[in-house]
Amino acid sequence: MNRVYIKTYGCQMNERDSEAVAAQLRARGYSVVENEHVADIVLLNTCAVRDQAEQKAIGKSGYLAKRKRNNPDFVLGVMGCMAQNRGTALLEKLPDLDLLVGTQKFHRVPQMLDQFIQSQKGLGPRPSTLVDLDAEEGSEETIREHLGDKQAVSAFVSIMQGCNMHCTFCIVPKTRGPERYRSMDSICEEIEELVANGTREVTLLGQIVNSYGMRQIPYKNGISPFVQLLERINAIEGLERIRYTSPHPRGFQKDLVEAYGRLEKLMPYVHLPVQSGSDSMLKRMRRPYTRRRFLEIVDQLRAVQPEIALSTDIIVGFPGETGEEFEDTRSLFEEVGFDMAFIFKYSERSGTKSAEMDDDVPPEVKDERNKILLDILGESSLRRNEALVGSMQPVLLEGPARKGKGIFMGRNPANRKILVPASPRLVGQTVPVRILEATVSVLNGELCLSGIDEEETAVLPVSK
Ligand code: SAH
Ligand code: F3S
């Protein structure tokens, strides 16, 4: 009885944390399964950024708790941001939880589970909920283990934890704590190990990656610690592609812009959250930049890398958002022509500064503003995808596509998802693909191996 299913809500950091927990559990003899119905233990790794995300996890926990009533051996745990945000108050709603684990304690999950299972067998004190929500010095260095049993062509690497900003709408500084950075050595070692196991692309993760190492690692000839880290990773042999998410417009300085002109592994794609295109709104959100500055960064990036793809996060319906302020967001959104965007309707989070403001934009206005931006995005994504039809793209093949049937999924440098019939032997390789067809979200293509028989393509000429 030690089959564990981990369900992850929210962002890539959560996915990464779940991977690390899974790897640690495997190392301890647990088997990690892909389906909650065959699991004896279910762990929910939760998100607190919007109310909807919390409600989903609460609903799921309530549903799973019923399973405990038929099977008292079934173990249910809640980890991550919602656990941290709501703390033991969550137990009033969900009294059947066995484990409640905060964001700095993921690495303790295997030990806590062992302890819980022992006590369940009558080998320890009677089981009640095991709770650990404390801060822990050095916990940023514990998110190292990877899944291990399947080759991850593209892997997430956590470079830091927490956030020191004070965006008025955001719960993350509360759930993730202050910024803590991993050492460059440890990050590079982890990437070298990944590459030795077949990884070709890494995505560096942090709440604000470009504040990596601030006030701890000195600038070198005007180069910030984050760009120094990129330089070191760029030099790792066998690694082909570097991505990161997310940077903040505030620290997006010249050294980072210029890195796009000189670090050949740095992929031409940036996710740069703008939140709003209105200066008065940015002030109320406590985002320390202006619309003009944001557009200037976009121009600088495009000057260095004309092909660069851009995506962003936007919140509509923040307290007091006027029609005029939204119009500023709409016009910026149109002007930049993002390749991708996450558009969120403002969700009040108790404990944040903006929760003291009146959540006064009616839901139907939030819906309408959301739809206006989604329509613009749909059009600009389709236009950009269609422009690629007929072109040849270097695609790093990540694995079989969900729809199967000999179709494989990969991405071009600009992070566009591309589906292509291929052979499993090509997974992990960067192959030339001719784009045949475009939809809003995906491109379909064919391998372009000019004269090379597909069966022989394990030694395909690799282009980047
Ligand atoms: N720095 C992090 C941001 C984490 S939150 C990152 O870039 O990964 C992710 C996004 O959720 C934010 O950029 C913001 O657009 C959105 N968000 C945060 N708090 C929100 C709230 N209270 N309501 C709606 N959207 C929110
Ligand atoms: Fe949240 Fe702002 Fe930090 S959006 S994660 S407080 S940069």
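Tutor: On a 1 Å grid over the protein atoms alone, a cavity is a set of points where a 1.4 Å probe fits but cannot get out; a pocket is an open set with protein on both sides within 12 Å along at least five of seven lines, and lining residues have an atom within 4 Å of a point. Grid points are joined across faces, edges and corners, and a volume is the space filled by probe spheres set on the points. This is a predicted model: local features need pLDDT of at least 70, side-chain atom pairs count only at pLDDT 80 or more, and totals for chains, interfaces and linings use all residues. Residues are numbered from 1 along each chain as its sequence is written, chains are lettered from A and ligands numbered from 1 in the order written, and side-chain values use heavy atoms, with hydrogens and water left out.

Student: What volume does the largest cavity have?

Tutor: About 40 Å³. Its lining includes Asn210, Met214 and Phe226. Helix H8 (225–234) and helix H9 (254–262) each supply at least two lining residues; helices here are DSSP runs of H or I, at least four residues, and strands are runs of E, at least two, numbered from the N terminus.

Student: And which domains line the second largest cavity?

Tutor: Domain 1 (3–132) and domain 2 (139–386) each give at least three residues, with bounds from an automatic or database domain assignment. That cavity has a volume of about 30 Å³.

Student: Which residues are closest to ligand 1?

Tutor: A residue is near a molecule if one of its heavy atoms lies within 4 Å of it. Here 15 residues surround ligand 1, and the closest are Gln207, Ser246, Gln275, Asp313 and Ser347. Both domain 1 (3–132) and domain 2 (139–386) contribute to that shell, so ligand 1 lies between them.

Student: What polar contacts does ligand 1 make?

Tutor: For a ligand, look for a pair of N or O atoms within 3.5 Å. A polar side-chain atom of Asp313 lies 2.6 Å from an oxygen atom of ligand 1. The side chain of Gln275 has an N or O atom 2.7 Å from a ligand 1 oxygen, and a backbone N or O atom of Phe169 is 3.0 Å from a ligand 1 nitrogen. Taken alone, ligand 1 exposes 550 Å², of which the protein buries 88% (Shrake-Rupley method, 1.4 Å probe).

Student: Which residues surround ligand 2?

Tutor: Among them are Cys163, Cys167, Cys170 and Phe169.

Note on methods
A polar contact is a pair of N or O atoms within 3.5 Å; within protein, one must be able to donate a hydrogen and the other to accept it, and residues adjacent in sequence count only if both atoms are side-chain atoms.
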